[in-house]
Amino acid sequence: MGEIVRLVISGFISALSLTNVIAMTGGTLLGIVIGALPGLSATTGMALLLPLTFGMSIDAGLLMLAGVFCGAVYGGSISAILVGIPGTAASIPTAFDGFPMARAGKAREAMLYSLYASGIGGLASALVLITLTPVIAIWALRFGPPEMFALTLWGISMVSSVVGKDAIKGLIMAVVGLVVSTVGADPVNGYIRLTFGNYYFIGGIDFVPLILGALALPRVLEMIEDLRTRNVFYAESTSRKWYLAPGEILRYWGTIVKSSIIGIIIGIAPAAGPSMAAYMSYNEAKRSSAHPERFGSGEPDGLVASETGNNAATGGDLVLTLALGIPGSAAAAVLLGALIMKGIQPGPHLMHKNPQIVYTFFAGFFLVNILFFLLGHLVVQVGHYIVRTPLQVLAPTILVICVVGAYSSANSMMNVAVMVITGVIAYCLGKAGFPMAPFLLALILGPIMEASYWTSLLIAYGDVLVFFKRPLSVAFMVLAVVTLLAPCYGTIRQRLGRIGKPA
(Lines give C-alpha, C1' and ligand atoms only; values in the text may rest on other atoms or scores of the structure.)
Protein backbone atom coordinates (compact mmCIF):
# COMPACT_ATOMS: atom_id res chain seq x y z
CA MET A 1 0.00 0.00 0.00
CA GLY A 2 2.83 2.37 0.88
CA GLU A 3 4.47 1.72 -2.50
CA ILE A 4 1.26 2.64 -4.34
CA VAL A 5 0.93 5.88 -2.37
CA ARG A 6 4.53 6.72 -3.22
CA LEU A 7 3.90 6.06 -6.92
CA VAL A 8 0.76 8.20 -6.90
CA ILE A 9 2.58 11.14 -5.28
CA SER A 10 5.50 10.72 -7.67
CA GLY A 11 3.05 10.62 -10.58
CA PHE A 12 1.46 13.93 -9.57
CA ILE A 13 4.87 15.57 -9.18
CA SER A 14 5.89 14.39 -12.64
CA ALA A 15 2.57 15.41 -14.22
CA LEU A 16 2.88 18.93 -12.79
CA SER A 17 6.16 19.64 -14.56
CA LEU A 18 5.99 22.66 -16.86
CA THR A 19 6.28 20.61 -20.08
CA ASN A 20 3.50 18.23 -19.04
CA VAL A 21 1.19 21.05 -17.91
CA ILE A 22 1.62 22.81 -21.27
CA ALA A 23 0.91 19.54 -23.11
CA MET A 24 -2.21 18.90 -21.03
CA THR A 25 -3.51 22.44 -21.44
CA GLY A 26 -2.94 22.47 -25.19
CA GLY A 27 -4.52 19.05 -25.64
CA THR A 28 -7.54 19.96 -23.50
CA LEU A 29 -8.21 23.22 -25.37
CA LEU A 30 -7.89 21.48 -28.73
CA GLY A 31 -10.12 18.66 -27.50
CA ILE A 32 -12.87 21.09 -26.46
CA VAL A 33 -12.78 22.74 -29.90
CA ILE A 34 -12.75 19.40 -31.73
CA GLY A 35 -15.60 18.05 -29.61
CA ALA A 36 -17.73 21.13 -30.26
CA LEU A 37 -17.35 20.82 -34.05
CA PRO A 38 -19.91 18.39 -35.54
CA GLY A 39 -18.31 15.65 -37.58
CA LEU A 40 -15.12 15.46 -35.54
CA SER A 41 -14.51 13.31 -32.47
CA ALA A 42 -12.00 12.53 -29.75
CA THR A 43 -10.59 9.75 -31.93
CA THR A 44 -10.10 12.14 -34.86
CA GLY A 45 -8.32 14.68 -32.69
CA MET A 46 -6.07 12.09 -31.06
CA ALA A 47 -5.19 10.58 -34.43
CA LEU A 48 -4.29 14.03 -35.83
CA LEU A 49 -1.96 14.72 -32.89
CA LEU A 50 -0.38 11.25 -32.82
CA PRO A 51 2.50 12.22 -35.18
CA LEU A 52 3.37 15.14 -32.87
CA THR A 53 4.07 12.73 -30.01
CA PHE A 54 7.13 11.41 -31.90
CA GLY A 55 9.20 14.39 -30.81
CA MET A 56 7.80 14.56 -27.26
CA SER A 57 8.56 12.65 -24.11
CA ILE A 58 6.30 9.68 -23.46
CA ASP A 59 4.68 11.46 -20.49
CA ALA A 60 3.95 14.69 -22.37
CA GLY A 61 2.65 12.81 -25.43
CA LEU A 62 0.27 10.62 -23.45
CA LEU A 63 -1.01 13.52 -21.35
CA MET A 64 -1.67 15.62 -24.44
CA LEU A 65 -3.72 12.77 -25.92
CA ALA A 66 -5.57 12.41 -22.60
CA GLY A 67 -6.39 16.12 -22.73
CA VAL A 68 -7.83 15.78 -26.23
CA PHE A 69 -9.88 12.74 -25.16
CA CYS A 70 -11.46 14.31 -22.08
CA GLY A 71 -11.81 17.76 -23.66
CA ALA A 72 -13.62 16.38 -26.71
CA VAL A 73 -16.13 14.37 -24.66
CA TYR A 74 -17.03 17.54 -22.75
CA GLY A 75 -16.82 19.78 -25.84
CA GLY A 76 -19.54 17.81 -27.60
CA SER A 77 -22.06 19.29 -25.16
CA ILE A 78 -21.33 22.88 -26.25
CA SER A 79 -22.85 22.63 -29.72
CA ALA A 80 -25.52 20.20 -28.41
CA ILE A 81 -26.78 22.88 -26.01
CA LEU A 82 -26.33 26.02 -28.10
CA VAL A 83 -27.58 24.84 -31.50
CA GLY A 84 -29.00 21.38 -30.83
CA ILE A 85 -26.23 19.64 -32.79
CA PRO A 86 -24.21 17.13 -30.72
CA GLY A 87 -20.52 17.58 -31.41
CA THR A 88 -19.98 13.90 -30.58
CA ALA A 89 -22.27 10.87 -30.37
CA ALA A 90 -21.87 10.85 -26.58
CA SER A 91 -23.64 14.23 -26.39
CA ILE A 92 -26.83 13.22 -28.21
CA PRO A 93 -28.89 12.84 -24.98
CA THR A 94 -27.46 16.18 -23.80
CA ALA A 95 -29.25 17.91 -26.69
CA PHE A 96 -32.63 16.52 -25.55
CA ASP A 97 -32.82 18.95 -22.63
CA GLY A 98 -29.85 21.25 -23.17
CA PHE A 99 -31.12 22.77 -26.41
CA PRO A 100 -34.65 23.48 -25.08
CA MET A 101 -32.99 25.25 -22.13
CA ALA A 102 -30.97 27.41 -24.54
CA ARG A 103 -34.08 28.26 -26.55
CA ALA A 104 -35.82 29.25 -23.32
CA GLY A 105 -33.09 31.80 -22.58
CA LYS A 106 -31.10 29.58 -20.18
CA ALA A 107 -28.04 28.87 -22.32
CA ARG A 108 -25.53 29.82 -19.62
CA GLU A 109 -27.30 27.76 -16.97
CA ALA A 110 -27.39 24.76 -19.30
CA MET A 111 -23.70 25.07 -20.16
CA LEU A 112 -22.76 25.46 -16.50
CA TYR A 113 -24.78 22.37 -15.51
CA SER A 114 -23.05 20.49 -18.32
CA LEU A 115 -19.61 21.71 -17.22
CA TYR A 116 -20.06 20.84 -13.54
CA ALA A 117 -21.59 17.43 -14.31
CA SER A 118 -18.81 16.68 -16.80
CA GLY A 119 -16.15 17.66 -14.28
CA ILE A 120 -17.63 15.50 -11.51
CA GLY A 121 -18.09 12.52 -13.82
CA GLY A 122 -14.57 12.87 -15.20
CA LEU A 123 -12.99 13.11 -11.73
CA ALA A 124 -14.94 10.04 -10.58
CA SER A 125 -13.62 8.05 -13.55
CA ALA A 126 -10.07 9.30 -12.88
CA LEU A 127 -10.23 8.16 -9.25
CA VAL A 128 -11.39 4.71 -10.38
CA LEU A 129 -8.60 4.60 -12.97
CA ILE A 130 -6.01 5.42 -10.30
CA THR A 131 -7.21 3.17 -7.48
CA LEU A 132 -8.95 0.18 -9.02
CA THR A 133 -7.32 -0.52 -12.41
CA PRO A 134 -5.67 -3.85 -11.46
CA VAL A 135 -8.80 -5.19 -9.76
CA ILE A 136 -11.21 -3.97 -12.45
CA ALA A 137 -9.04 -5.39 -15.23
CA ILE A 138 -9.44 -8.89 -13.80
CA TRP A 139 -13.22 -8.43 -13.46
CA ALA A 140 -13.51 -7.00 -16.99
CA LEU A 141 -12.06 -10.23 -18.44
CA ARG A 142 -15.45 -11.80 -17.76
CA PHE A 143 -16.97 -9.57 -20.42
CA GLY A 144 -17.16 -11.80 -23.48
CA PRO A 145 -19.38 -11.47 -26.57
CA PRO A 146 -22.45 -12.99 -24.78
CA GLU A 147 -22.19 -10.41 -21.99
CA MET A 148 -21.69 -7.63 -24.55
CA PHE A 149 -24.80 -8.74 -26.45
CA ALA A 150 -26.84 -8.79 -23.24
CA LEU A 151 -25.50 -5.37 -22.26
CA THR A 152 -26.47 -3.83 -25.62
CA LEU A 153 -29.84 -5.56 -25.36
CA TRP A 154 -30.30 -3.77 -22.04
CA GLY A 155 -29.27 -0.54 -23.74
CA ILE A 156 -31.73 -0.99 -26.60
CA SER A 157 -34.51 -1.74 -24.10
CA MET A 158 -34.10 1.84 -22.89
CA VAL A 159 -35.93 2.93 -26.00
CA SER A 160 -38.97 2.82 -23.70
CA SER A 161 -37.71 6.02 -22.03
CA VAL A 162 -37.07 8.01 -25.22
CA VAL A 163 -40.05 7.05 -27.39
CA GLY A 164 -41.79 10.34 -26.66
CA LYS A 165 -45.52 10.83 -26.16
CA ASP A 166 -46.54 8.31 -28.82
CA ALA A 167 -45.00 4.91 -27.99
CA ILE A 168 -45.94 3.38 -31.35
CA LYS A 169 -44.19 6.10 -33.34
CA GLY A 170 -41.16 5.85 -31.07
CA LEU A 171 -40.90 2.08 -31.52
CA ILE A 172 -41.25 2.48 -35.30
CA MET A 173 -38.28 4.86 -35.29
CA ALA A 174 -36.26 2.39 -33.18
CA VAL A 175 -36.95 -0.37 -35.71
CA VAL A 176 -35.95 1.95 -38.55
CA GLY A 177 -32.69 2.68 -36.72
CA LEU A 178 -31.94 -1.03 -36.34
CA VAL A 179 -32.62 -1.62 -40.04
CA VAL A 180 -30.36 1.25 -41.09
CA SER A 181 -27.61 -0.09 -38.80
CA THR A 182 -27.59 -3.38 -40.78
CA VAL A 183 -26.76 -1.70 -44.10
CA GLY A 184 -23.46 -2.95 -45.52
CA ALA A 185 -21.38 -6.08 -45.03
CA ASP A 186 -22.31 -8.61 -42.39
CA PRO A 187 -19.84 -8.17 -39.47
CA VAL A 188 -19.01 -11.89 -39.35
CA ASN A 189 -19.61 -13.49 -42.76
CA GLY A 190 -19.24 -10.41 -44.96
CA TYR A 191 -22.56 -10.79 -46.78
CA ILE A 192 -23.66 -7.54 -48.47
CA ARG A 193 -27.08 -6.25 -47.33
CA LEU A 194 -29.35 -3.35 -48.30
CA THR A 195 -26.72 -1.51 -50.36
CA PHE A 196 -28.84 -1.56 -53.54
CA GLY A 197 -25.71 -1.98 -55.63
CA ASN A 198 -23.98 1.15 -54.26
CA TYR A 199 -20.42 0.32 -53.18
CA TYR A 200 -20.31 3.40 -50.91
CA PHE A 201 -22.55 1.57 -48.45
CA ILE A 202 -20.57 -1.69 -48.25
CA GLY A 203 -18.98 -0.51 -45.01
CA GLY A 204 -22.33 0.73 -43.70
CA ILE A 205 -23.75 4.23 -43.62
CA ASP A 206 -21.42 6.66 -41.86
CA PHE A 207 -22.79 7.68 -38.48
CA VAL A 208 -21.74 11.33 -38.73
CA PRO A 209 -23.99 12.38 -41.66
CA LEU A 210 -26.88 10.51 -40.07
CA ILE A 211 -26.48 12.46 -36.81
CA LEU A 212 -26.14 15.77 -38.65
CA GLY A 213 -29.12 14.97 -40.85
CA ALA A 214 -31.33 13.78 -38.00
CA LEU A 215 -30.54 16.63 -35.59
CA ALA A 216 -28.81 19.54 -37.35
CA LEU A 217 -30.65 20.14 -40.64
CA PRO A 218 -34.11 20.13 -38.99
CA ARG A 219 -32.78 22.87 -36.67
CA VAL A 220 -31.74 24.96 -39.68
CA LEU A 221 -35.16 24.49 -41.28
CA GLU A 222 -36.84 25.44 -38.00
CA MET A 223 -34.75 28.62 -37.85
CA ILE A 224 -35.77 29.52 -41.40
CA GLU A 225 -39.38 28.83 -40.50
CA ASP A 226 -39.19 31.06 -37.41
CA LEU A 227 -37.42 33.76 -39.41
CA ARG A 228 -40.42 34.02 -41.71
CA THR A 229 -42.97 34.12 -38.91
CA ARG A 230 -41.66 35.85 -35.76
CA ASN A 231 -37.93 36.44 -36.21
CA VAL A 232 -37.25 34.95 -32.75
CA PHE A 233 -35.64 31.56 -32.18
CA TYR A 234 -33.99 31.99 -28.78
CA ALA A 235 -35.76 33.67 -25.88
CA GLU A 236 -34.03 36.74 -24.44
CA SER A 237 -31.68 35.88 -21.58
CA THR A 238 -30.93 38.23 -18.70
CA SER A 239 -28.71 35.79 -16.82
CA ARG A 240 -25.06 36.74 -16.20
CA LYS A 241 -24.05 33.63 -14.22
CA TRP A 242 -20.34 32.81 -14.00
CA TYR A 243 -20.66 29.73 -11.83
CA LEU A 244 -23.15 27.46 -10.07
CA ALA A 245 -23.65 27.70 -6.33
CA PRO A 246 -23.01 24.39 -4.49
CA GLY A 247 -26.73 24.02 -3.76
CA GLU A 248 -27.64 24.29 -7.45
CA ILE A 249 -25.56 21.30 -8.50
CA LEU A 250 -26.01 19.29 -5.26
CA ARG A 251 -29.75 19.40 -5.89
CA TYR A 252 -29.07 16.62 -8.38
CA TRP A 253 -26.63 14.65 -6.23
CA GLY A 254 -28.64 11.42 -6.59
CA THR A 255 -28.52 11.66 -10.39
CA ILE A 256 -24.80 12.46 -10.29
CA VAL A 257 -23.97 9.44 -8.11
CA LYS A 258 -26.06 7.01 -10.18
CA SER A 259 -24.80 8.37 -13.50
CA SER A 260 -21.18 8.20 -12.32
CA ILE A 261 -21.59 4.54 -11.37
CA ILE A 262 -23.34 3.72 -14.65
CA GLY A 263 -20.70 5.57 -16.65
CA ILE A 264 -17.79 3.85 -14.92
CA ILE A 265 -19.28 0.37 -15.40
CA ILE A 266 -20.23 0.98 -19.03
CA GLY A 267 -16.83 2.52 -19.72
CA ILE A 268 -15.06 -0.60 -18.49
CA ALA A 269 -17.14 -2.85 -20.77
CA PRO A 270 -15.29 -3.36 -24.08
CA ALA A 271 -16.70 -1.40 -27.07
CA ALA A 272 -19.47 0.23 -25.01
CA GLY A 273 -18.06 3.68 -24.29
CA PRO A 274 -19.43 7.15 -23.48
CA SER A 275 -22.35 7.05 -25.94
CA MET A 276 -24.06 4.10 -24.30
CA ALA A 277 -23.23 5.49 -20.85
CA ALA A 278 -24.95 8.78 -21.70
CA TYR A 279 -28.13 7.06 -22.88
CA MET A 280 -28.30 4.67 -19.92
CA SER A 281 -27.69 7.48 -17.42
CA TYR A 282 -30.37 9.63 -19.05
CA ASN A 283 -32.82 6.73 -18.96
CA GLU A 284 -32.20 6.05 -15.27
CA ALA A 285 -32.63 9.72 -14.40
CA LYS A 286 -35.93 9.87 -16.24
CA ARG A 287 -37.14 6.56 -14.78
CA SER A 288 -36.47 7.63 -11.19
CA SER A 289 -37.61 11.24 -11.58
CA ALA A 290 -40.73 12.53 -9.84
CA HIS A 291 -41.50 14.49 -13.03
CA PRO A 292 -40.46 12.34 -16.03
CA GLU A 293 -42.81 14.34 -18.27
CA ARG A 294 -40.42 17.31 -18.06
CA PHE A 295 -37.60 15.42 -19.73
CA GLY A 296 -37.06 16.51 -23.32
CA SER A 297 -38.39 20.01 -22.71
CA GLY A 298 -35.51 21.56 -20.75
CA GLU A 299 -35.04 19.53 -17.56
CA PRO A 300 -31.58 20.10 -15.98
CA ASP A 301 -31.75 16.64 -14.39
CA GLY A 302 -31.56 15.01 -17.84
CA LEU A 303 -28.68 17.24 -18.89
CA VAL A 304 -26.74 16.45 -15.70
CA ALA A 305 -27.34 12.71 -16.09
CA SER A 306 -26.11 12.59 -19.69
CA GLU A 307 -22.95 14.65 -19.10
CA THR A 308 -22.03 12.89 -15.86
CA GLY A 309 -22.47 9.48 -17.50
CA ASN A 310 -20.49 10.08 -20.68
CA ASN A 311 -17.55 11.71 -18.85
CA ALA A 312 -17.55 9.02 -16.15
CA ALA A 313 -17.01 6.47 -18.93
CA THR A 314 -13.70 8.00 -20.08
CA GLY A 315 -11.55 6.57 -17.28
CA GLY A 316 -13.15 3.15 -17.48
CA ASP A 317 -12.52 3.19 -21.21
CA LEU A 318 -8.77 3.17 -20.52
CA VAL A 319 -8.71 0.46 -17.83
CA LEU A 320 -8.45 -2.45 -20.27
CA THR A 321 -6.02 -0.50 -22.43
CA LEU A 322 -3.47 0.07 -19.67
CA ALA A 323 -3.95 -3.10 -17.62
CA LEU A 324 -4.43 -5.71 -20.36
CA GLY A 325 -3.38 -4.05 -23.62
CA ILE A 326 -6.92 -4.37 -24.97
CA PRO A 327 -8.31 -1.08 -26.36
CA GLY A 328 -11.85 -0.52 -25.10
CA SER A 329 -12.61 1.96 -27.91
CA ALA A 330 -11.13 3.60 -31.00
CA ALA A 331 -9.78 6.48 -28.87
CA ALA A 332 -8.12 3.99 -26.51
CA ALA A 333 -6.57 2.26 -29.53
CA VAL A 334 -4.86 5.54 -30.52
CA LEU A 335 -3.44 5.81 -27.01
CA LEU A 336 -2.26 2.21 -27.31
CA GLY A 337 -0.50 3.14 -30.55
CA ALA A 338 1.31 6.00 -28.83
CA LEU A 339 2.68 3.60 -26.21
CA ILE A 340 3.83 1.07 -28.79
CA MET A 341 5.52 3.80 -30.87
CA LYS A 342 7.60 4.67 -27.81
CA GLY A 343 8.67 1.04 -27.44
CA ILE A 344 6.45 0.33 -24.43
CA GLN A 345 4.38 -2.84 -24.60
CA PRO A 346 0.92 -2.46 -23.03
CA GLY A 347 -0.47 -5.39 -21.16
CA PRO A 348 -0.45 -7.13 -17.79
CA HIS A 349 3.25 -6.34 -17.18
CA LEU A 350 3.00 -2.61 -17.95
CA MET A 351 2.27 -1.56 -14.37
CA HIS A 352 5.18 -3.62 -13.06
CA LYS A 353 7.80 -2.72 -15.68
CA ASN A 354 6.87 0.96 -16.18
CA PRO A 355 5.00 2.06 -13.04
CA GLN A 356 6.26 5.65 -13.23
CA ILE A 357 4.79 6.17 -16.72
CA VAL A 358 1.47 4.61 -15.71
CA TYR A 359 1.04 6.63 -12.52
CA THR A 360 2.12 9.85 -14.23
CA PHE A 361 -0.62 9.21 -16.76
CA PHE A 362 -3.11 8.47 -13.95
CA ALA A 363 -2.23 11.74 -12.23
CA GLY A 364 -2.36 13.67 -15.51
CA PHE A 365 -5.75 12.20 -16.35
CA PHE A 366 -7.04 13.47 -13.01
CA LEU A 367 -5.54 16.92 -13.64
CA VAL A 368 -6.95 17.08 -17.18
CA ASN A 369 -10.48 16.82 -15.78
CA ILE A 370 -9.73 19.74 -13.44
CA LEU A 371 -8.24 21.68 -16.36
CA PHE A 372 -11.27 21.43 -18.64
CA PHE A 373 -13.48 22.36 -15.68
CA LEU A 374 -11.50 25.58 -15.18
CA LEU A 375 -11.20 26.38 -18.90
CA GLY A 376 -14.86 25.54 -19.41
CA HIS A 377 -15.98 28.58 -17.39
CA LEU A 378 -14.44 30.82 -20.06
CA VAL A 379 -16.05 28.75 -22.82
CA VAL A 380 -19.46 29.21 -21.16
CA GLN A 381 -19.16 32.99 -21.29
CA VAL A 382 -18.00 33.03 -24.91
CA GLY A 383 -20.40 30.35 -26.11
CA HIS A 384 -23.41 32.21 -24.72
CA TYR A 385 -23.05 34.86 -27.42
CA ILE A 386 -23.81 32.28 -30.13
CA VAL A 387 -27.49 32.41 -29.20
CA ARG A 388 -27.44 36.17 -29.80
CA THR A 389 -26.24 35.75 -33.40
CA PRO A 390 -28.90 36.89 -35.92
CA LEU A 391 -30.71 33.98 -37.54
CA GLN A 392 -29.76 35.29 -40.98
CA VAL A 393 -26.14 34.53 -40.03
CA LEU A 394 -26.60 31.56 -37.65
CA ALA A 395 -28.68 29.34 -39.97
CA PRO A 396 -26.33 29.39 -43.00
CA THR A 397 -23.30 29.09 -40.68
CA ILE A 398 -24.71 25.91 -39.14
CA LEU A 399 -25.51 24.61 -42.62
CA VAL A 400 -21.91 25.17 -43.76
CA ILE A 401 -20.54 23.46 -40.63
CA CYS A 402 -22.83 20.49 -41.26
CA VAL A 403 -21.70 20.12 -44.87
CA VAL A 404 -18.03 20.36 -43.88
CA GLY A 405 -18.55 17.89 -41.01
CA ALA A 406 -20.36 15.36 -43.18
CA TYR A 407 -17.76 15.57 -45.95
CA SER A 408 -14.70 15.49 -43.70
CA SER A 409 -15.78 12.34 -41.83
CA ALA A 410 -14.93 10.24 -44.93
CA ASN A 411 -13.94 12.80 -47.62
CA SER A 412 -16.99 11.82 -49.62
CA MET A 413 -19.80 13.84 -51.20
CA MET A 414 -21.99 10.79 -50.72
CA ASN A 415 -22.00 11.60 -47.01
CA VAL A 416 -23.28 15.09 -47.79
CA ALA A 417 -26.08 13.58 -49.87
CA VAL A 418 -26.95 11.18 -47.03
CA MET A 419 -27.05 14.10 -44.60
CA VAL A 420 -29.37 16.16 -46.82
CA ILE A 421 -31.76 13.27 -47.48
CA THR A 422 -31.78 12.29 -43.80
CA GLY A 423 -32.37 15.91 -42.80
CA VAL A 424 -35.39 16.39 -45.06
CA ILE A 425 -36.91 13.09 -43.92
CA ALA A 426 -36.20 13.90 -40.24
CA TYR A 427 -37.82 17.34 -40.59
CA CYS A 428 -40.97 15.84 -42.10
CA LEU A 429 -41.10 13.05 -39.52
CA GLY A 430 -40.64 15.60 -36.73
CA LYS A 431 -43.66 17.53 -37.99
CA ALA A 432 -45.60 14.26 -37.90
CA GLY A 433 -44.59 13.59 -34.28
CA PHE A 434 -41.94 10.91 -34.85
CA PRO A 435 -39.05 11.30 -32.33
CA MET A 436 -35.42 11.02 -33.46
CA ALA A 437 -34.03 9.78 -30.12
CA PRO A 438 -35.09 6.10 -30.55
CA PHE A 439 -33.68 6.10 -34.09
CA LEU A 440 -30.28 7.33 -32.90
CA LEU A 441 -30.20 4.97 -29.90
CA ALA A 442 -30.83 1.97 -32.17
CA LEU A 443 -28.29 3.27 -34.67
CA ILE A 444 -25.55 3.38 -32.01
CA LEU A 445 -26.26 0.02 -30.39
CA GLY A 446 -27.38 -1.97 -33.44
CA PRO A 447 -23.93 -2.80 -34.90
CA ILE A 448 -22.47 -3.69 -31.47
CA MET A 449 -25.42 -5.94 -30.68
CA GLU A 450 -25.30 -7.73 -34.04
CA ALA A 451 -21.55 -8.35 -33.96
CA SER A 452 -21.71 -9.61 -30.36
CA TYR A 453 -24.61 -11.94 -31.19
CA TRP A 454 -22.91 -13.65 -34.14
CA THR A 455 -19.55 -13.86 -32.37
CA SER A 456 -21.26 -15.52 -29.39
CA LEU A 457 -22.81 -18.13 -31.63
CA LEU A 458 -19.49 -18.80 -33.35
CA ILE A 459 -17.60 -19.43 -30.11
CA ALA A 460 -20.48 -21.60 -28.81
CA TYR A 461 -20.74 -23.60 -32.08
CA GLY A 462 -24.26 -22.34 -32.74
CA ASP A 463 -25.63 -22.99 -29.24
CA VAL A 464 -28.24 -20.24 -28.67
CA LEU A 465 -28.38 -21.15 -24.98
CA VAL A 466 -24.91 -19.66 -24.49
CA PHE A 467 -26.58 -16.39 -23.47
CA PHE A 468 -28.36 -18.16 -20.62
CA LYS A 469 -25.37 -20.13 -19.36
CA ARG A 470 -23.36 -17.12 -18.16
CA PRO A 471 -24.52 -15.34 -14.98
CA LEU A 472 -23.52 -11.83 -16.08
CA SER A 473 -25.32 -12.25 -19.39
CA VAL A 474 -28.47 -13.46 -17.65
CA ALA A 475 -28.34 -10.54 -15.21
CA PHE A 476 -28.21 -8.00 -18.07
CA MET A 477 -31.09 -9.75 -19.84
CA VAL A 478 -33.23 -9.59 -16.73
CA LEU A 479 -32.46 -5.87 -16.45
CA ALA A 480 -33.44 -5.46 -20.11
CA VAL A 481 -36.84 -7.07 -19.52
CA VAL A 482 -37.46 -5.02 -16.37
CA THR A 483 -36.46 -1.78 -18.14
CA LEU A 484 -38.68 -2.49 -21.13
CA LEU A 485 -41.72 -3.38 -19.01
CA ALA A 486 -41.31 -0.67 -16.35
CA PRO A 487 -43.38 1.97 -18.24
CA CYS A 488 -46.12 -0.62 -18.82
CA TYR A 489 -46.24 -1.33 -15.08
CA GLY A 490 -46.74 2.36 -14.34
CA THR A 491 -49.55 2.66 -16.89
CA ILE A 492 -51.32 -0.48 -15.61
CA ARG A 493 -51.04 0.75 -12.02
CA GLN A 494 -52.60 4.10 -12.94
CA ARG A 495 -55.50 2.42 -14.73
CA LEU A 496 -56.15 0.02 -11.87
CA GLY A 497 -56.16 3.00 -9.52
CA ARG A 498 -58.84 4.71 -11.62
CA ILE A 499 -60.94 1.56 -11.69
CA GLY A 500 -60.73 1.25 -7.92
CA LYS A 501 -61.97 4.79 -7.34
CA PRO A 502 -65.70 5.24 -6.75
CA ALA A 503 -67.56 6.93 -9.61
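How do helices H3 and H4 lie to each other, roughly parallel or roughly antiparallel? I will come to that pair in a moment, after a word on the model.

What we have here is a predicted model, in which local features need pLDDT of at least 70 and side-chain atom pairs count only at pLDDT 80 or more, while totals for chains, interfaces and linings use all residues. Residues are numbered from 1 along each chain as its sequence is written, and side-chain values use heavy atoms, with hydrogens and water left out.

Now to the opening pair. The axes of H3 (residues 42–49) and H4 come within 8 Å and cross at roughly 160°, where axes are lines fitted to C-alpha atoms, for helices over the stretch in contact, and angles run from 0 to 180 degrees between N-to-C directions. H3 and H4 are therefore roughly antiparallel to each other, given that angles under 35 degrees count as roughly parallel, over 145 as roughly antiparallel, 65 to 115 as roughly perpendicular and the rest as oblique. The crossing of H3 and H4 is right-handed, a term that applies if the near helix is turned clockwise from the far one by less than a right angle, with anticlockwise giving left-handed. On the H3 side the contact involves Ala-42, Gly-45, Met-46 and Leu-49, and on the H4 side Met-64, Leu-65, Val-68, Phe-69 and Ala-72, contact here meaning heavy atoms within 4.5 Å.

As for the protein as a whole, it has 21 helices and two strands, which are DSSP runs numbered from the N terminus (helices being H or I of at least four residues, strands E of at least two). Of its 503 residues, 55% count as buried, where buried means under 20% relative accessible area, exposed over 50% and partly exposed in between, with a 1.4 Å probe and protein chains only. The exposed surface comes to about 21,600 Å², and carbon and sulfur atoms supply 71% of it; these areas come from the Shrake-Rupley method with a 1.4 Å probe, and for residues only the protein chains shown count as cover. Among contacts between residues at least 6 apart in sequence, 78% join residues at least 24 apart.

If we leave out residues up to four places away in sequence, Phe-361 touches Leu-62, Leu-63, Ala-66, Leu-129, Leu-318, Leu-322 and Leu-335.

Next comes H13, for which I have two packing partners to show. With H5 (residues 92–103), the axis of H13 (residues 300–317) comes within 8 Å, at a crossing of roughly 140°, so H5 and H13 are oblique to each other, and their crossing is left-handed. Residues meeting there include Asp-97 and Met-101 in H5, and Ser-306 and Asn-310 in H13. With H12 (residues 273–288), H13 packs at an angle of about 145°, the axes being 7 Å apart, and this crossing is right-handed. Among the residues making that contact are Gly-273, Ala-277 and Ser-281 of H12, together with Gly-302, Ala-305 and Gly-309 of H13.

The loop between H12 and H13 holds Ser-297, which touches Phe-96, Asp-97 and Pro-100 when residues up to four places away in sequence are not counted. Ser-297 and Asp-97 are 200 residues apart in sequence, yet 5.7 Å apart in space, C-alpha to C-alpha.

Finally, some backbone angles. Most residues other than glycine have a negative phi. Leu-194, however, has a positive phi, near 55°; Leu-194 is in the loop between strand E2 (192–193) and helix H9 (207–229) and counts as partly exposed, at 42% relative accessibility. Tyr-461, also not a glycine, has a positive phi of about 55°; Tyr-461 sits in the loop between H20 (437–459) and H21 (471–500) and is exposed, with a relative accessible area of 79%.
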